[in-house]
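Let's take a walk through this one together. Have a look at the fold first, and then we'll go piece by piece.

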Amino acid sequence: MTNLLAAAVVAQETEEYKPLAPDTAELIFGTIAFAIVLILVGWKFVPAIRKTLEERTDAIEGGLKRAEAAQDEAKETLEQYRAKLREAQLEASSLRKKAEEQGAAIIAEMKEQAQAEANRIREAAKADIEAERQQALASLRSEVGALSVELAGRVVGESLEDSARQSRVVDRFLEELEGRARSQEQISS
Amino acid sequence: MSAPHLLASGSGDEFEAPGLHIFDWGPLFPDGPAWLDWFTKPLLIVALAAIVVIAFSWKAFGNPKLVPRGVQNIGEIGYLFVRDQVARPMIGKDGDRWMPFLFSTFFFVLLMNLAGVVPVLQLPATSHIALPIVLALVVYVMMLFLSIKHQGLVGYFKNMMFPPGLPKALYIILAPIELLSNIILRPFTHAIRLFANMFAGHLLIAFFATVSWWFLAEKLTALGAGVGLVGFVMTIIMTAFEIFVQSLQAFIFVLLAASYIGGALHPEH
């Protein structure tokens, strides 16, 4: 191994060294070494790393694309939810309005019904009163007969000579009767 | 083994700067079998560089994971560096297809260069011109093949020598210059740029190391100690500078290779 460190020993004995003249052994060995490097590194290892780098780029790009798609989907879903919410709110408000309207209608109807009932009751009462009045009137008439007889009795009891006197007696009697009837009516009403 | 053998071959009292002989290496096993005589130190460095590149690539990329761990991270940094600084700017979109060649070449050259500052090895294998020649020739043959394949034989020379859009008179000068620079000079400049940088760098480090060894250890005198100290400091500075140059030259070598390939594929640029 001495010649790993000492260059000059052999050189001095042989002819002049020519740096521009290529050494045959070096040409051959250099070619072989370069060929081996090219075959192993160039054909096997570099294409492998090239492929891996491309795959990595693909993976990163794919990941980014997937994330983008997911984001788009999320946005779309959110939009859908918002639309649904708006719809629901609209529906709720319309329902409320409808209910209010319906309530108002029901109240109006009830009022009308009550009014009608009141009217009916009033009419019935009026009819009752009228009937009673008629009845009273009828009974009065029949009573008037009896009273007339009574009056006649009285008149007969007194002197019947003066017709004017007679009519006065009748008038007085009738007034008396009317006054009685009025007071009776006042009490009943 | 003695230091003078390593650094300076001078046997006298005079300081002798290291010369071309520091590149001249005999058989690694001088007492070994004769059939192994061709195996010298620069070839050991070539073999080690190849083994390290292969082992590292195997460790980093042998079983690549989508989520990288450990060595794969470092390997990916190297891969992305070559891809984004060399392949894509020089070749364009289809630059990735040439990554196997560019990546292997870059790290093979880089390791052979860096051997110049690795203790014990301390010799850039590329400072022996045979290796840059092999590398540049491969690139040159590839460039010719791709050019003719993509542009056709006539188209290749037409695109090279008569690029459109120039005044006609200019072609008289341009055509021979382009032919000369593209076909004849290109492989030489490509190989020699790498070789010369490594050669000169190694010579510089060896010179300063020899100076500091000679004046500080071999012949220590009051007067010479200053010189030796300067040499020592300069050795360290030059070593750092060489690491930079070695990396830069490996980068430039693949950058040019990629540019030649790119030119062959897309002559319009």
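At what angle do the axes of α3(B) and α4(B) cross? Keep in mind that this is a predicted model. In it, the two axes cross at roughly 110° and come within 10 Å. An angle from 65 to 115 degrees counts as roughly perpendicular, so α3(B) is roughly perpendicular to α4(B).

Now for who touches whom at that crossing. From α3(B) you get B:Gly78, B:Tyr79, B:Val82, B:Arg83, B:Val86 and B:Ala87. On the α4(B) side, the contact is made by B:Met99, B:Leu102, B:Phe103, B:Phe106 and B:Phe107. Sorted by class, the contact between these helices has nine nonpolar residues, plus one polar and one charged.

Zoom out to where the chains meet. Chain B puts 49 residues into the contact, and chain A puts in 41. On chain B, five helices each supply at least two residues of the side touching chain A: α1 (3-7), α2 (41-61), α3 (71-91), α4 (99-114) and α5 (130-151). So which helix gives the most to that side? That's α2(B), with 11 residues.

Finally, hop over to chain A. An unreviewed UniProt entry lists residues 64-135 of chain A as "coiled-coil region". In the model, that stretch of chain A is 100% helix and 0% strand, and its end C-alpha atoms sit 104 Å apart.

Conventions
Residues numbered from 1 in each chain as written. Chains lettered and ligands numbered in written order. Predicted model: local features only at pLDDT ≥ 70, side-chain atom pairs only at ≥ 80, totals over all residues. Contact = placed C-beta atoms within 7 Å. Helix = DSSP H or I, 4+ residues; strand = E, 2+ residues; numbered from the N terminus. UniProt positions renumbered as here; feature names shortened; annotations may be inferred. Axes fitted to C-alpha atoms, helices over the stretch in contact; angles between N-to-C directions. Parallel < 35°, antiparallel > 145°, perpendicular 65-115°, else oblique. Nonpolar A, V, L, I, M, F, W, Y, C, P; charged D, E, K, R; others polar.
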